Amino acid sequence: MEIYLPIAEMPVDMFLILGMGMAVGFISGMFGIGGGFLLTPLLIFVGIPAAVAVATQGPQIAASSMTGSLAYWRRRAIDFKLAFVLLAGGLVGTLLGVLFFNKMQRLGQLDTVITLSYVVLMGTVGALITWESAKAALRKNDKNAPKRIAGRHRWFEGLPLKMRFHRAGMYVSAIPLVGVAMLIGFAGAVLGIGGGFILVPALIYIFRVPANIVVGTSLFQILFTMIAATIFHSATNQSVDLFLALLLMVGGVFGAQFGARAGANLRGEYFRLMLGLLILIVAVRFATDVFTPPREAFSATQTETGR
Amino acid sequence: MIARLAAFAFACLLTMFASAPAQAQSIVATLSTDNVPILSNFTGERIALFGVIEPGNNLRPKDGYDIVITVRGPRGAVTVRRKEQWGLMWLNLDARRYIAIPAFISIVSNRPLNRIAQAEVRDDLRIGVDALIPPQAVSRGANDPVFRDAMQRIRRQQGLFTEGDNKVRFITPTVFRANIDLPGAVPLGAYDVEIALFSDGALATRTNLKFNVSKDAVEQWVAEAAHRSPILYGAATSLIALLIGWLASVIFRRD
């Protein structure tokens, strides 16, 4: 059944979009990520304009992180203070990201920027996660796994503006936290991703936030950055398609429930290994776009319409 | 639809009786609709065009009449980009900008255009896809045939520039019917339909019709809201997202 999208101005197969939302929802429920990094490329692949695909991720990710946040909130697994510090950086990053997005769209380089950023970002993060989890899986019986050495400080621990986060059990400077959140907010607005798959490892590996707090806190901050992204994108480029978002949300919400159940039975290292490989596959898919000669070298975009 | 057909039949009768002391050839034509609404299940539409040729005092051509119908969508600016190799990568490095390009072109006729009239005649009359793309006076290098051809090729692949040489059917030697097919991704706006009558390879007469393609109530309302009050639209969309997220957590709650 076809449905006409009012902002993308094209008809799409309703069940195809619902199915895509569901499949990505399944994966996102399984890994506790937003899934934007899979959904945006899929939408572009079925012919939705890149601008609409990216901008419409906002409400879709907001809906799925709302469900997730509520579940973690009931379990008291959110450090609100940490989330709000991250949010401050995230909002600034999102605003800058949307401005950059609009600028690139005017210059006609948006597709290239999206593709290249996917290659670099996904390639790096995917390789890191795969490498780390493969190593962990291989020497899971090794008792000499590196532990935090008491008394040794990392470089950012000397920074001012130190804050104490009770639930997360941290005492660190707010500067690196805001910085990381800003970078992720920027990437999120440009690429149509929530950034959970970067924020979660960053909080665990760099800031040593306990694993039971990290996912809820990350979901909570993503919820608000995505609301901001939706409003910023709507206000500046009018590319948020309500109908497309609704289809994705409904599909995603159902998929996530089944994914969460499937994810509960997975072991930690294999779980991360699979996530790492999944991210790498997306990076390779985009890399082939940039590094192989295109079948059609030309593209034509309508830039103005006289109605 | 029935009212329209009745009106059309009436028009036909009118021309038959009223044109007794006729002079020049003329065409009377009508479209099955003058407004194509885009509903949520829109996947394209076929518009029918009916027409009657009024031969006037002229003799009927020995090969019969030829009809060429040009459907032209709203004009706008188009940027054509070319990917070029840059180190190891292929990036959009070269671009040309075109103005006054129709967003939709469909040319339908009763037989191939090259058998209806010679190329020079068609070019003079602006009949054919290439002839409808005006030469670019301002833009640098836009008349480069590589880019011009690429634009036409891409629009043809998208089904936005089409030619159909069997879509006009003569019901009698002077009454014809044509199908105008609009694809699902048809651009919105005002459309011009030009009906050209050829007799022995030369233009005998032409006439124009118009129709509109516009979004229907809900789609139009959503698109308008997104443009008229964008911040409110974004806020409302976010609110719906939160509501759906909350509903899901209520429905699927397990703890």
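Predicted model: local features only at pLDDT ≥ 70, side-chain atom pairs only at ≥ 80, totals over all residues.
Local features need pLDDT of at least 70 and side-chain atom pairs count only at pLDDT 80 or more, while totals for chains, interfaces and linings use all residues. Side-chain values use heavy atoms, with hydrogens and water left out.

**Interface of chain B and chain A**

- The contact (heavy atoms within 4.5 Å) takes 59 residues from chain B and 55 residues from chain A.
- Between them the two chains bury about 5,200 Å², 64% of it on carbon and sulfur atoms; buried area is the accessible area (1.4 Å probe) that two parts lose on being put together, summed over both.
- In chain B, the residues that lose the most area to chain A are B:Arg81, B:Trp90 and B:Phe252, together 12% of what that side buries.

- A salt bridge joins the side chains of A:Glu9 and B:Lys215, at 3.1 Å, N to O.

**Domains of chain B**

- Chain B is divided into domain 1 (2–215) and domain 2 (216–255), with bounds from an automatic or database domain assignment.
- Six residues of domain 1 of chain B are in contact with five residues of domain 2 of chain B.
- These domains bury about 430 Å² between them, 54% of it on carbon and sulfur atoms.
- B:Leu39, B:Ser40 and B:Lys215 supply 83% of the area that domain 1 of chain B buries against domain 2 of chain B.
- The count of salt bridges between the two domains of chain B is zero.

Conventions. Residues numbered from 1 in each chain as written. Chains lettered and ligands numbered in written order. Salt bridge = Lys/Arg side-chain N within 4 Å of Asp/Glu carboxyl O.
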